[in-house]
Amino acid sequence: MPSTSFDFDAGSESPVPHAVLWDMDGTLIDTEPYWLAAEDQLVRSHGGTWSHEQGLALVGNALPDGARALQQAGVKLEIREIIDWLSAQVVAGIRREIPWRPGARELLAACKEAGIPQALVTMSERSIVDELMLNIPAGTFQASVTGEEVEQGKPHPEPYLAGLELLSEYTGRDLVPAKCIGFEDSVPGIASASAAGLHAVLIPNATDPGAGNWRRIDSLVSVDVQEMTRWLVQVSA
């Protein structure tokens with residue numbers, strides 16, 4: 001594996017983030033409206049009814065779980081067919097417009113500039129991630145984990161643990177989870193990042209998990225590498 005330009009000692013007390021792990025939908029890019037519209041369209045096309053509240057309840061969950069909920073609402077398709085149809089609608093939306101969340105691109109670029117390894121950890125599948133990767137600078141992410149690549153989706157910690165493992169392989173060092181930051185927007189997502197031992201940071205969007213074992217911020221706009229370092233200093237103080 002190539003080595004990162006960010007020189008750190010994983011066993012040191014340095015508070016500088018060893019890595020940053022990102023959720024995608026609702027955290028980096030505001031694709032939740034694409035998902036909600038696609039779910040509503042699919043259910044209605046099968047003669048069922050689907051509320052905005054039902055859609056919000058699926059935010060951040062593993063896609064097979066969401067597909068089963070749509071089946072219960074009347075969609076007469078197999079789980080794989082549902083996931084493929086929804087994913088195609090989201091890809092089409094991204095091709096029309098990538099709805100970046102405020103400050104996301106700037107913080108991605110700042111971490112890349114600092115040489116901090118980054119991973120994308122999402123319950124979306126590879127087809128959607130590939131579409132996003134076409135529209136960001138090469139080398140922004142050193143690893144990515146998608147929904148079909150884990151046995152247990154969020155809120156289980158497996159997705160973030162898998163991301164940490166890939167970044168550890170990339171850097172050639174054992175990353176300390178508590179010195180890595182995980183950005184999330186949803187109830188299942190922030191629970192997953194927190195359970196994996198990351199310094200979990202919530203930026204509420206379509207849903208609001210409220211207070212918990214995580215840091216809560218209103219926006220990424222004012223966040224930079226120095227601010228993330230201060231977060232880790234506060235925790236270790």
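Are Lys-154 and Glu-184 buried or exposed? Both residues are buried. The points below take up this pair and its surroundings in what is a predicted model.

1. Lys-154 and Glu-184 form a salt bridge through their side chains, with a distance of 2.6 Å from N to O. Distant parts of the chain are linked by this pair, since Lys-154 belongs to the loop between E3 and H7 while Glu-184 belongs to strand E4, 30 residues apart. Both partners count as buried because the relative accessible area of a buried residue is under 20%.

2. Other salt bridges. Searching the whole structure gives 10 salt bridges. One of them joins Glu-149 to Arg-126, whose closest N and O atoms are 2.8 Å apart.

3. Arg-230 and Glu-227 meet through their side chains in a salt bridge of 2.7 Å, N to O. Elsewhere, salt bridges with shared partners bring Asp-23, Lys-154 and Glu-184 into one network.

4. Aromatic pairs. The whole structure holds two aromatic pairs. In the pair of Phe-183 and Trp-231, the ring centres are 6.2 Å apart and the planes stand at 70°, so the arrangement is edge-to-face. Phe-183 is part of strand E4 (residues 180-184) and Trp-231 of helix H9 (residues 225-236), so the pair ties together parts that are 48 residues apart in sequence. Phe-183 and Trp-231 are both buried. Ring pairs also bring Trp-22 into a cluster with Phe-183 and Trp-231.

5. A charge over a ring. Arg-96 is placed over the face of Tyr-34, and its distance from the ring centre is 5.9 Å.

6. In soluble globular proteins, nonpolar side chains tend to be buried together. The largest nonpolar core here comprises 47 residues, and Trp-22, Leu-28, Trp-100, Phe-183 and Met-228 have the most contacts inside it. Elements giving two or more residues to this core include strand E1 (19-22), helix H1 (32-45), helix H4 (79-96) and H9. The most is given by H4, with six residues. Another core, of 16 residues, lies apart from it and has Leu-21, Leu-164, Leu-167 and Leu-198 among its members.

7. Strands. E1 and E2 run parallel and are joined by three bridges; Leu-21 stands opposite Ala-119 in E2. E2 and E3 also run parallel, with three bridges between them, and Val-121 has Val-145 in E3 as its bridge partner. Strand E2 (residues 118-121) is covered on both faces: Gln-118 and Leu-120 on one side, and Ala-119 and Val-121 on the other, are all buried. Finally, E2, H6 and E3 together form a right-handed β-α-β unit.

Notes: Residues numbered from 1 in each chain as written. Predicted model: local features only at pLDDT ≥ 70, side-chain atom pairs only at ≥ 80, totals over all residues. Heavy atoms only, no water. Phe/Tyr/Trp six-rings, centres within 6.5 Å; stacked < 30°, edge-to-face > 60°. Helix = DSSP H or I, 4+ residues; strand = E, 2+ residues; numbered from the N terminus. Buried < 20%, exposed > 50% of the residue type's maximum accessible area, 1.4 Å probe, protein only. Lys NZ or Arg CZ within 6 Å of the ring centre and 35° of its normal. Salt bridge = Lys/Arg side-chain N within 4 Å of Asp/Glu carboxyl O. Core = buried A, V, L, I, M, F, W, Y, C linked by side-chain atoms within 4.5 Å. Pairing = 2+ DSSP bridges. Right-handed = clockwise from strand over helix to strand, strands pointing away.
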